[in-house]
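Subject: A structure for you to look at

Hi,

Here is the structure I promised to pass on. Please open it beside this email, and then read on for what I found in it.

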Amino acid sequence: MKLLSALAVGLLLAGPVSAQNWSSDKEIMLLAKQGNADAQAYIGLLYGYYAIDFDIEAEDAGAANSVFFAKKAEASRQYILAHMWLSLSVANGNAEAAPQRASVAKYLTPDQLEEAQSRALICLKTNYQDCD
């Protein structure tokens, strides 16, 4: 739990990314898929926070049941998406997203990191049409 709390604090302190008067999650995602680096960083941070929530829920469930494994799998998926969106933000010029991406990368296995990087490339190559 302490490691997860440290990640949450690290994500908050790593760089100032704000919602910039965006009115809805839908608007933020639309901007992110148009290449807006700030929106991409914001989406990446949201996925990072979701991953932390799933990790905490898994720890609360205990390692001896299927809920633990389901929550851990979902946390891994969320970390991959967080890294992907933060990578896109960095690629589009937001240097402030780089430390946040590095924080998320610590929670990924080498295979998961490769998947996150591959997803970011696919997202770019499809002009943000295949980013899920």
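A term to start with: a residue is called buried if its relative accessible area is under 20%, exposed if that value is over 50%, and partly exposed in between, using a 1.4 Å probe and protein chains only. By that rule Ser-87 is buried, because its relative accessibility is 12%.

Before going further, please keep in mind that this is a predicted model, where local features need pLDDT of at least 70 and side-chain atom pairs count only at pLDDT 80 or more, while totals for chains, interfaces and linings use all residues. Residues are numbered from 1 along each chain as its sequence is written, and side-chain values use heavy atoms, with hydrogens and water left out.

The overall picture

The chain has 6 helices and 0 strands, so, from the N terminus on, its elements read α-α-α-α-α-α. Helices (H or I, at least four residues) and strands (E, at least two) are DSSP runs, numbered from the N terminus. Of the 132 residues, 36% count as buried. A contact means heavy atoms within 4.5 Å.

For each pair below, axes are lines fitted to C-alpha atoms, for helices over the stretch in contact, and angles run from 0 to 180 degrees between N-to-C directions. Angles under 35 degrees count as roughly parallel, over 145 as roughly antiparallel, 65 to 115 as roughly perpendicular, and the rest as oblique. A crossing is left-handed if the near helix is turned anticlockwise from the far one by less than a right angle, and right-handed if clockwise.

Take α2 (residues 25–32) and α3 (residues 37–61) to begin with. Their axes lie 7 Å apart, and the two helices pack at an angle of about 120 degrees. They are therefore oblique to each other, and α2 passes α3 in a left-handed crossing. On the α2 side you will find Ile-28, Met-29, Leu-31 and Ala-32, which meet Ala-39, Gln-40, Tyr-42 and Ile-43 of α3. These residues divide into 7 nonpolar, 1 polar and no charged. Here Ala, Val, Leu, Ile, Met, Phe, Trp, Tyr, Cys and Pro count as nonpolar, Asp, Glu, Lys and Arg as charged, and the others, Gly among them, as polar.

Now turn to α4 (residues 66–91) and α5 (residues 97–105), which pack at an angle of about 155 degrees with their axes 9 Å apart. This pair is therefore roughly antiparallel, and α4 passes α5 in a left-handed crossing. From α4 the contact takes in Tyr-79, Ala-82, His-83, Leu-86, Ser-87, Ser-89 and Val-90, and from α5 it takes in Ala-97, Ala-98, Gln-100, Arg-101, Val-104 and Ala-105. That contact divides into 8 nonpolar, 4 polar and 1 charged.

Ser-87 sits in helix α4 and, leaving aside its neighbours within four places in sequence, is in contact with Arg-101 and Ala-120. Val-104 belongs to helix α5 and is buried, with a relative accessible area of 1%. The C-alpha atom of Val-104 is 6.4 Å from that of Tyr-79, although the two residues are 25 apart along the chain.

The nonpolar core

A nonpolar core is a set of buried Ala, Val, Leu, Ile, Met, Phe, Trp, Tyr and Cys residues joined through side-chain atoms within 4.5 Å. Which members of the largest core touch the most others? Of its 25 residues, they are Ile-43, Tyr-47, Tyr-79, Met-84, Trp-85, Leu-88 and Cys-131. At least two residues each come from α2, α3, α4, α5 and α6 (110–125), and α4 gives the most, with 9 residues. In soluble globular proteins, nonpolar side chains tend to be buried together. Met-84 touches Ala-116, Arg-119, Ala-120 and Cys-131, not counting residues up to four places away in sequence.

Some residues outside the helices

Asn-94 lies in the loop between α4 and α5. Is Asn-94 buried or exposed? Asn-94 is buried, with a relative accessible area of 7%. Not counting residues up to four places away in sequence, Asn-94 touches Ala-37, Asp-38, Ala-41 and Ser-89.

Finally, find Asn-127 and Tyr-128. Asn-127 is in the segment after α6, and Tyr-128 is in the segment after α6 too. Asn-127 is not a glycine, yet has a positive phi of about 55 degrees. Phi of Tyr-128, another residue other than glycine, is positive as well, near 70 degrees. Asn-127 counts as exposed, at 53% relative accessibility, whereas Tyr-128 counts as buried, at 7%.

Enjoy exploring, and write back with any questions.

Best wishes
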